[in-house]
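Trainee: Before we talk about the words used for this structure, could you show it to me, so that I can ask what stands behind each of them?

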Amino acid sequence: MIAAGSAPARLGPRLRHLLELCPEEYPVADVGSGHGRLALELALRRPGARVYATEARPGPARELRRLLGSASPVRVLEGPGLEPLEGLGCRGAVIAGMGGHTIREILQASPSVAQGLDWICLQPMQDWEPLWSWVTTTGWWEPEVTSCWERSRSYRSLLLRPR
Ligand SMILES: C[S@@+](CC[C@H](N)C(=O)[O-])C[C@H]1O[C@@H](n2cnc3c(N)ncnc32)[C@H](O)[C@@H]1O
């Protein structure tokens with residue numbers, strides 16, 4: 001189970017930066033949540049609000065459920081990309097910790113879900129340029145770029161709002 005403590009203690013600088021970037025507009029989903037730490041902080045920040053954490057495949061989804069524990073306020077969903085969010089009425093989504101190509105493919109695969117969100121936070125681990133180029137070409141969103149450092153490495157993040 002994820003350890004108790006304050007959010008700064010539980011999250012490293014990269015995820016703390018993302019948490020601060022996420023608008024407080026719920027329900028929200030952390031897509032490809034992995035360890036679930038960000039999803040948990042999103043849930044603790046707004047008790048009672050719906051927070052989803054997704055994983056594409058059964059194994060990682062099972063591990064995510066185990067890490068969060070059965071009493072977690074986070075609801076784990078299984079399925080690729082934005083597909084599990086269909087019909088849930090999410091206002092926001094975070095997609096972080098994957099490559100820029102994968103993030104772009106996730107957004108491209110579910111245009112109606114992506115364009116139905118009030119905000120999307122993206123933080124690719126690599127391949128920033130193709131993601132940025134696609135986002136600006138679609139013209140669907142107003143992008144805001146921020147950056148942070150963790151262990152001598154810089155990470156750029158994008159907050160997208162519909163135009
Ligand atoms: C490196 S982890 C990142 C975890 C966390 N989001 C972070 O930024 O620290 C990437 C996660 O994305 C998941 N993933 C990869 N492709 C995915 C997809 N198409 N849909 C949902 N999850 C996906 C992987 O299973 C993995 O758990």
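Mentor: Let us begin with Asp30, which is buried, with a relative accessible area of 5%. Please keep in mind throughout that this is a predicted model.

Trainee: Why is Asp30 called buried?

Mentor: A residue counts as buried when its relative accessible area is under 20%, and Asp30, with a value of 5%, is therefore buried. Asp30 lies in strand β1, where Val28 and Asp30 point one way while Ala29 and Val31 point the other way, and all of these are buried.

Trainee: What surrounds Asp30, once its neighbours within four places in sequence are left aside?

Mentor: Asp30 is then in contact with Leu38, Ala39, Tyr52, Ala53, Thr54 and Val94. With Tyr52 the separation is 22 residues in sequence, while the two C-alpha atoms are 6.2 Å apart in space.

Trainee: How do you know that β1 is paired with β2?

Mentor: Two strands pair if there are at least two bridges between them, and four bridges join β1 to β2, residues 51-55, with the strands running parallel. Along this pairing, Val28 stands opposite Val51, and the bridge partner of Val31 is Thr54.

Trainee: What makes β4 a partner of β1?

Mentor: The requirement is again at least two bridges, and β1 and β4, residues 92-96, pair over four of them in the parallel sense; here the bridge partner of Asp30 is Val94.

Trainee: Which strands stand at the edges of the sheet, and why are they called edges?

Mentor: The sheet is open and has seven strands in the order β3-β2-β1-β4-β5-β7-β6, with mixed pairing. In it, β3 and β6 stand at the edges because each has a single partner strand, so one side of each is left without a neighbour in the sheet. Neighbouring strands of this sheet are turned by 20° against each other on average, direction ignored.

Trainee: Which helices lie on the sheet, and at what angles do they run?

Mentor: Helix α4, residues 58-68, lies across β2 and β3, running at about 170° to β3. Helix α5, residues 100-109, packs on the sheet and touches β4, β5 and β6, and its direction makes about 155° with that of β5.

Trainee: Why are α5 and α7 called roughly parallel to each other?

Mentor: Helix α5 and helix α7, residues 128-138, pack at an angle of about 30°, with their axes 7 Å apart. Angles under 35 degrees count as roughly parallel, and the two helices are therefore given that description. Where they meet, α5 contributes Gly100, His101, Ile103, Arg104, Leu107 and Gln108, and α7 contributes Pro130, Leu131 and Trp134. By class, this contact has five nonpolar, three polar and one charged residues.

Trainee: Ser33 lies in a loop, so how do you know whether it is buried or exposed?

Mentor: The loop holding Ser33 is the one between β1 and α3. The cut-off for buried is under 20%, and Ser33, with a relative accessible area of 4%, is therefore buried. Apart from its neighbours within four places in sequence, Ser33 is in contact with Ala39, Ala53, Thr54, Glu55 and Leu64.

Note on methods:
Residues are numbered from 1 along each chain as its sequence is written. This is a predicted model: local features need pLDDT of at least 70, side-chain atom pairs count only at pLDDT 80 or more; totals for chains, interfaces and linings use all residues. Side-chain values use heavy atoms; hydrogens and water are left out. Buried means under 20% relative accessible area, exposed over 50%, partly exposed in between (1.4 Å probe, protein chains only). Axes are lines fitted to C-alpha atoms, for helices over the stretch in contact, and angles run from 0 to 180 degrees between N-to-C directions. Contact means heavy atoms within 4.5 Å. Angles under 35 degrees count as roughly parallel, over 145 as roughly antiparallel, 65 to 115 as roughly perpendicular and the rest as oblique. Ala, Val, Leu, Ile, Met, Phe, Trp, Tyr, Cys and Pro count as nonpolar, Asp, Glu, Lys and Arg as charged, and the others, Gly among them, as polar.
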